[in-house]
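This report describes a predicted model.

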Amino acid sequence: MTSPARRERCLDEARGNPLFLDGLARLAGDTDRLPPTVLAAVDLEVRGLGDGARALLRGAAVAGDPFDVDLALAAAGLGDVDLPLLDELVAADLVRPVGGRSFAFRHPLVRRAVDDATPAAARLGGHARAAAALRAGGAAVE
């Protein structure tokens with residue numbers, strides 16, 4: 001039996017997605033990892049993307065949720081010339097526009113699955129590039 005607090009947390013994290021809710025409920029309290037069903041479902045979607053769009057998606061996961069497209073491009077090691085890759089992510093409904101140059105992942109667990117699936121070295125490199133871009137723009141890196 002799951003505690004009421006655990007049930008509430010699963011409901012909150014799943015945000016109405018039945019697949020995500022089922023996977024979270026099966027983890028029986030382990031909130032440090034994502035359910036294999038969630039990881040596999042997101043992986044199937046990401047595998048359908050081209051290499052550049054996958055790189056931008058990983059950069060977006062580093063940049064936050066919602067994310068600024070310029071910061072995501074920087075984190076991915078891409079430039080403005082690669083901006084059309086964003087159309088591929090929107091067409092796949094992995095990210096959605098939220099206004100101006102800001103976008104959000106379709107679901108917070110999609111972002112987390114992308115981040116979890118990113119190799120450690122690639123994630124560290126993305127964070128370093130994002131920090132450099134923030135510093136260059138005069139923003140606080142924190």
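## Helix α5

Which residues are buried in α5? They are V69, L71, A72, L73, A75 and A76, where buried means under 20% relative accessible area, exposed over 50%, and partly exposed in between (1.4 Å probe, protein chains only). Because six of the eight residues of helix α5 (residues 69-76) are buried, the helix is largely enclosed by the rest of the structure. The cover over these buried residues includes α4 (51-63), β1, α6 (85-91), β3 and α8. Helices (H or I, at least four residues) and strands (E, at least two) are DSSP runs, numbered from the N terminus.

At the start of α5, a side-chain oxygen of D68 comes to within 3.0 Å of the backbone nitrogen of D70. This falls under the definition of a polar contact: a pair of N or O atoms within 3.5 Å; within protein, one must be able to donate a hydrogen and the other to accept it, and residues adjacent in sequence count only if both atoms are side-chain atoms. After α5 comes G77, which has a positive phi near 75°.

## Basis of the values

Residues are numbered from 1 along each chain as its sequence is written. The model is predicted, with local features requiring pLDDT of at least 70 and side-chain atom pairs counting only at pLDDT 80 or more, while totals for chains, interfaces and linings use all residues; side-chain values use heavy atoms, with hydrogens and water left out.

## The sheet

Three strands form an open sheet in the order β1-β3-β2, with antiparallel pairing. Its edge strands, β1 (67-68) and β2 (95-99), each pair on one side only. Two strands pair if DSSP finds at least two bridges between them.

Two bridges join β1 to the antiparallel strand β3 (residues 102-105). Within this pairing, F67 stands opposite F103, and D68 stands opposite S102. The antiparallel strands β2 and β3 are joined by four bridges, and V95 has F105 as its bridge partner in β3. The hairpin of β2 and β3 has two residues between the strands, and G100 takes a positive phi near 60° there.

## The nonpolar core

A nonpolar core is a set of buried Ala, Val, Leu, Ile, Met, Phe, Trp, Tyr and Cys residues joined through side-chain atoms within 4.5 Å. The largest one has 30 residues, and L57, F67, L89, V95 and F105 are those with the most contacts inside it. Two or more residues each are given to this core by α3 (36-47), α4, α5, α6, β3 and α7. The largest share, seven residues, comes from α4. In soluble globular proteins, nonpolar side chains tend to be buried together.

V95 touches residues including L57, F67, L89 and F105, not counting residues up to four places away in sequence. Contact here means heavy atoms within 4.5 Å.

The largest pocket has a volume of about 180 Å³. On a 1 Å grid over the protein atoms alone, a cavity is a set of points where a 1.4 Å probe fits but cannot get out, whereas a pocket is an open set with protein on both sides within 12 Å along at least five of seven lines; lining residues have an atom within 4 Å of a point. Grid points are joined across faces, edges and corners, and a volume is the space filled by probe spheres set on the points. At least two lining residues each come from α3, α4 and α7, and α3 supplies the largest share, four residues.

Among the lining residues are V42, R58, A113, V114 and T118. V42 lies in helix α3 and is buried, with a relative accessible area of 2%. Leaving aside neighbours within four places in sequence, V42 is in contact with V110, A113 and V114. The C-alpha atoms of V42 and R111 are 9.2 Å apart, although 69 residues separate the two along the chain. T118 lies in the loop between α7 (108-117) and α8 (120-136); this residue counts as buried because its relative accessibility is 6%. Not counting residues up to four places away in sequence, T118 touches R58 and R123.

H107 is found in the loop between β3 and α7. This histidine is buried, with a relative accessible area of 7%. A polar atom of the H107 side chain lies 3.0 Å from the backbone nitrogen of L109.
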